[in-house]
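Student: Could we go through this model together, asking what lies behind each label? I would like to set the values against the definitions.

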Amino acid sequence: MKKFTQGYKYEVFVGTDSDIKDGEVVYATVIVVYRLGNGATYFYTVYKDGKNRDLYTRIFKEAEMSLEMARFVEKVLELGKPVVHLDIGYDGLTRDLVSSVIGYVKGMGYPYQVKPDSFAATKIAHKHTK
């Protein structure tokens, strides 16, 4: 990632999505590195949890995993403070969780984006949960 960003202006985004597959929850967390005007690349990890969780628990676990990755990007990789993309929005099933999850992320000191702007979680991580 250091080599990819070297000499470029860039932004970093992290996001997590989850889905239930074969009775277990599959979480995918991504780091997206976007070189402004010069393309992007991403890295991902997949974690499987053997317990089938309710939506509320999964959304907070997604936020927790994204924040862990954000701290890694900032402290270990030293790529600055990433934007945390959350798989929540003001419409749909997660609308009641928006203020709580945003408060969690803001409380940890990270900028955030929600649907429809949270592509790292809703598009990229999503494809790795299937």
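Tutor: Gladly! Let us begin with Pro116, which sits in the loop between strand 5 (112-113) and helix 4 (119-127). Helices (H or I, at least four residues) and strands (E, at least two) are DSSP runs, numbered from the N terminus. The peptide bond from Lys115 to Pro116 is cis, with omega near 10°. This is a predicted model, where local features need pLDDT of at least 70, side-chain atom pairs count only at pLDDT 80 or more, and totals for chains, interfaces and linings use all residues. Residues are numbered from 1 along each chain as its sequence is written, and side-chain values use heavy atoms, with hydrogens and water left out.

Student: Why is helix 2 called roughly parallel to helix 3?

Tutor: The axes of helix 2 (residues 55-76) and helix 3 (residues 98-107) cross at roughly 20° and come within 11 Å. Axes are lines fitted to C-alpha atoms, for helices over the stretch in contact, and angles run from 0 to 180 degrees between N-to-C directions. Angles under 35 degrees count as roughly parallel, over 145 as roughly antiparallel, 65 to 115 as roughly perpendicular and the rest as oblique. Helix 2 is therefore roughly parallel to helix 3.

Student: Which residues in helix 2 and helix 3 meet?

Tutor: Ile59, Phe60, Ala63, Glu64 and Leu67 in helix 2 meet Ser100, Val101, Tyr104 and Val105 in helix 3, where contact means heavy atoms within 4.5 Å. By class, that contact of helix 2 with helix 3 has seven nonpolar, one polar and one charged residues. Ala, Val, Leu, Ile, Met, Phe, Trp, Tyr, Cys and Pro count as nonpolar, Asp, Glu, Lys and Arg as charged, and the others, Gly among them, as polar.

Student: What is worth noting about phi of Asp22?

Tutor: Phi of Asp22 is near 55°, a positive value in a residue other than glycine. Asp22 lies in the loop between strand 1 (10-21) and strand 2 (24-35).
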